[in-house]
Amino acid sequence: MSGACVLVLAGLDPSGGAGLLADAEAIRALGLRPLCVATALTVQTTRHALQFQPVAPLLVQDAARALLLEEDVRAIKIGMVGAPQVARAIDDLLREKAAWSGLPRVVDPVLAASSGAALFKGAGGPEAYLALMQGAIATPNLDEAEALTGTREQGAAAKALLSRGAKAALVKGGHLAGDAVDLLLDAEGEHALSAPRLAASRRGTGCRLASALAAGLAAGLSLRASAGQAKAFVRAYLQSAV
Ligand code: PLP
């Protein structure tokens with residue numbers, strides 16, 4: 001099978017609310033082909049996150065390497081990794097070839113479910129994600145931004161992520177009151193993406209946003225155009241729940 005692909009490394013939520021299935025849905029909807037490597041198996045339903053088990057790091061690495069070698073991968077999305085050893089295996093793999101570390105990479109730092117259940121083993125989550133974000137586009141929500149940078153202020157958090165090596169940061173404002181304003185910062189400067197708040201809450205908006213962003217980049221759109229398209233995609237997903 002041919003066609004431009006987005007390689008996704010993320011957790012499997014069997015309910016499809018978030019994680020790999022949600023990622024694949026977003027990428028297909030935008031016309032690209034998802035290649036899905038599970039980094040962790042979770043026990044989840046639509047309502048509850050119960051437990052998870054990270055996949056063996058070398059198996060994750062082998063699965064992703066095989067796809068990178070054979071398929072037309074144009075962008076990479078990294079979501080839940082579940083454990084420091086899995087993060088390190090992904091980091092090591094991408095360093096194997098300059099062409100792989102140079103692919104557009106979107107990193108969505110997943111530390112906990114919106115219910116509060118942990119989705120990372122141990123305390124090293126922020127450091128593990130900061131390492132994966134080198135040269136990448138980071139897409140934290142405010143809780144994740146605070147865990148990674150120590151601040152919930154969108155502009156300050158975005159600057160801190162760039163100073164730690166991220167190429168760009170999209171700090172999401174969905175947890176703030178008022179309109180949903182996300183802040184995108186890259187070498188060109190700040191760009192606010194605003195949309196009126198919807199009276200809807202659905203699981204997996206962060207996964208879908210990051211995957212839609214990666215799909216835009218894989219299709220050759222600019223970062224700003226990809227971010228605008230991703231926000232519109234998630235808005236339509238939320239709207240369908242109103
Ligand atoms: N499960 C997996 C595999 C995820 O990657 C994520 C979030 O990114 C979640 C669950 C959490 O989803 P939610 O924020 O909808 O609880």
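**The ligand and its shell**

Guide: A polar side-chain atom of Gln44 lies 2.7 Å from a nitrogen atom of the ligand, a polar contact being a pair of N or O atoms within 3.5 Å; within protein, one must be able to donate a hydrogen and the other to accept it, and residues adjacent in sequence count only if both atoms are side-chain atoms. The model is a predicted one, in which local features need pLDDT of at least 70 and side-chain atom pairs count only at pLDDT 80 or more, while totals for chains, interfaces and linings use all residues. Residues are numbered from 1 along each chain as its sequence is written, and side-chain values use heavy atoms, with hydrogens and water left out.

For Arg203, a polar side-chain atom is 3.3 Å from a ligand oxygen; for Gly204, a polar backbone atom lies 2.9 Å from an oxygen atom of the ligand. Of the 390 Å² of accessible area that the ligand has on its own, the protein covers 89% (Shrake-Rupley method, 1.4 Å probe).

The residues around the ligand (a heavy atom within 4 Å) include Gly11, Ala18, Gly19, Met80, Val110, Ala113, Ser114, Leu119 and Cys207, together with Gln44, Arg203 and Gly204. By class, this shell holds six nonpolar residues, five polar and one charged; Ala, Val, Leu, Ile, Met, Phe, Trp, Tyr, Cys and Pro count as nonpolar, Asp, Glu, Lys and Arg as charged, and the others, Gly among them, as polar.
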